[in-house]
Structure formats: structure tokens, C-alpha cells
Amino acid sequence: MSAATPAIPPGLRAGRAALAVSFLLQGTTFALLVTCIPEIQHRYGLSDGLLPVFLAAVPILAGVGSITSEQLVKRTGARAVLRVVQPAVCLSLAGAGLGDTLWQLALALGAFGLLVGALDASMNMLGVGLQYRYGRSIMIGFHAAFSLGGILGAAVAGLGSHYDLGLPVLFGTAAAVIAPLALLTGTFPQPSAGGTPTAGPAELGDAVREAAEAAARSIPWRPLLPLCLAMAFAYIADASVSNYSVKYLTDGLGSREDVAKLSYLGYMVAMLLGRALGDRAVQRWGAVPVVRGGAGLAALGFAVAAAAPAAWAGIAGFTLLGFGICAIIPQVFAAGGRLFPADSDAAVARLNLFNYVGFLVGSPLVGAIADGSSYRWALLAPMLLVLAVLPLADRFAPAPALTPAEA
């Protein structure tokens, strides 16, 4: 170990590993839900017109849960929120598989949305705190763990369809396994630099408040708007895959449900591989070519999926899409931080709002077009929006930081 690279205390390593497991479990839970949308629709008798309404409610409530979690963190700490909320997310997943009436589905998905918003916020707050103590970037690794969990969840859902387990067994068993693991992981301390547990409100709640104050004080919207649009377009594409890739293969291409789930599995595998290689690509070629190439590849993925003659081509299209999208989203945050290095947290917070915008627009947009025509035509809408990232790619170039007066 060189003098320039201080040793990482074992407690910090344990906290990092525990948080990575939390991200992995969350990715598994989320993938189980989204890859089983056709089964949920069939079980509850949801029409194609009503399905987008239920799907759109989840990110809306997730936004509410995320905002609420800020206040909870200030009172109890991010780790305490994580410890309670993650097992509760598993229970809401089980509830979505056990009911048989629309009000029960609405209750389960509503709880899932609120809890997921609080869970995402608390996990990322802890990740930011650990990254600060490490003194180097480790956040991408946490999101890679989420992608790995997505692969696991999609694979389990595929096996459940292959063996015709049914939602009560599939979701109930998954909750029975994941919830205890979440409880166990939540007992691990997230240590501070001195090796003691984090204070929660003092270290994380205040950071959220200070970032908001910085945004109100010195961060203008105008230079961030191109990046906000790129973020929204990327998440519209992501929501399209999460909510409709499996349904497109079953309803549009006549695929078996177990095979159809490979569409989301391929997408998540591509995301994981892209995140593993993305930093090296940016270092070699720069952010602008990587973003521009990613947008072109994502659009090609949509085109291949929309024109697919059979399930295998649809799976290939969504896999290409994953390789393209994975390059865009992290670079949006990086570009925002470069614009305002003194207030990078505030810039990231503003850009992250368009994560929810993308999910809110993506599901109803694709659902409405598919209901009026077909899923093939519906996939062309997010394809065009991804292509709109191409003229925005120059905004990802490293440039001198902007001051409020210059902006």
C-alpha cells in the first residue's frame, strides 16, 4: 500500500459490502415485479388501457416516498429507514401476488411505490456517505450490484414461468427469502471514518438539506436543461423496457412467458457489462463519443426490437438497448458535477428529478400508443426520444465550470 493510498478500515469495507447486498436485493425484488407484469395483468383482469395507469402510479408514489424519506432520515438516520423499509418492500411484493381484486392490487402497488422511493433514497444516501469516507468513487459499484440483482430476479421469474409456479408461490417464496436477508443486512453498521456507526441525521440528513440550500442559492436551471432532457429520455427508454419488454414478447410476438422474461434479463446483463466497462471507454475516447455512441446503439436496439420477427430478435434488440442506455445515465450526473463542482450535490439532485419524469412519461406513453395501434409502433416513440440525445451529446464534454454570474 503506497503512502498516497490510505488503508481502508475493515469496518468501512463491511459497511460497503452490506450496502452492496442491499442494492442487489432491491434489484432482485424490482426485477421480479416488472418481469411478471403479464401475469399480474392476467391475474387481476387489467385491461391494456388500465395497465399504464397502475404502472404510472408506482413512480409517482416512489417520488412521494423519496421526499418523505428525507424527513425520516433527519429523525432516525438513513440506516434505520433502510432496515425497516427493505423488508416491507418484500412484503408488498408478496401482497401483489396474493390478491385477486383490483383494490388489493392497487393497495399492494401503492405500498410498493412508496416504500421503493424511501428505499432508493436511503440506499443512495448511505452510498454517498460511504463514498465520502472512502475518498474515491464507489457508487457505480452499488448500481452494478442492483443490475446483478435484476439479472437474478429476471432469471428466477423465468424459472417460475417455466414451471408454472404462479404469482402467490413465486412472490411469496421470494419475499420469504429476501426479507430475512434484508433484515440481516440491515443490522450491519455503516461506520464513520472513526469506525463508529453513522449519526444519520447529522451526517446524511444535513447533507440533503445543505444540497437543497445550495441549489436554491446558486444553481441555475438553464445550463442543466440539456442534461435534464437527456436524463428524462434515457429513463423513458428504461421504463419502456422495464414495463413492456416482457409484455411485448408475449402479446406482440407470441412468445412463451418464460422465454419472454429473457428480454429483461438480456437488458440487465448488458447494463451490468456496460457499467463494468464504461469508465474505461470514457477514459479512452471521452464522454461525448461514448454518449453519442450509446444513444445510437440504444435507438438501434429499439428498432431491432420493433421489427423483430420472433422472440429471439426482440431479446437481441433489448440487449443492445441495455448496452446503449448504460453509458448515458452516469455521464449525465458526471457532466452536471463538472458544470458546478462547488455545488455538485445540488446539481445531481436536480438532475435526478428527471429520473422520475422519465418513468412517469415512459409507461403511459408506450401503453397509450400500444393500446391505439401495436407495441411495434409504441417502441418507436422512445426510439425517437433516445435519438434526440444525439444533438445534446456535446453538452457532456468537459468544460470550464460555470459560475452563477456566467450561467
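**Labels and their cut-offs**

Q: Why is Asp258 called buried?

A: Asp258 has a relative accessible area of 13%, and buried means under 20%, exposed over 50% and partly exposed in between, with a 1.4 Å probe and protein chains only, so Asp258 is called buried. This is a predicted model, in which local features need pLDDT of at least 70 and side-chain atom pairs count only at pLDDT 80 or more, while totals for chains, interfaces and linings use all residues. Residues are numbered from 1 along each chain as its sequence is written, and side-chain values use heavy atoms, with hydrogens and water left out.

Q: What makes Asp258 and Arg256 a salt bridge?

A: Their closest N and O atoms are 3.1 Å apart, and a salt bridge is a side-chain nitrogen of Lys or Arg within 4 Å of a carboxyl oxygen of Asp or Glu, so the pair qualifies as a salt bridge. Arg256, at 54% relative accessibility, counts as exposed, whereas Asp258 is buried.

Q: How do you know that Lys261 forms a salt bridge with Glu39?

A: The closest N and O atoms of Lys261 and Glu39 are 2.9 Å apart, which lies within the 4 Å limit. The pair links distant parts of the chain, with Lys261 in the loop between α10 (257-260) and α11 (262-285) and Glu39 in helix α2 (residues 37-44), 222 residues apart; helices here are DSSP runs of H or I with at least four residues, and strands runs of E with at least two, numbered from the N terminus.

Q: Why are Lys261 and Glu39 called buried?

A: Lys261 has a relative accessible area of 1% and Glu39 one of 14%, and because buried means under 20%, the label applies to Lys261 and to Glu39.

Q: Why is Arg292 called partly exposed?

A: Its relative accessible area is 35%, which falls between the limits of 20% and 50%, so Arg292 is partly exposed. Arg292 also forms a salt bridge with Asp394, the closest N and O atoms being 2.9 Å apart.

Q: How do you know that Ile325 touches Ala234 and Val386?

A: Contact means heavy atoms within 4.5 Å, and Ala234 and Val386 are among the residues that Ile325 touches when those up to four places away in sequence are not counted. Tyr267, Met271 and Gly294 are also among them.
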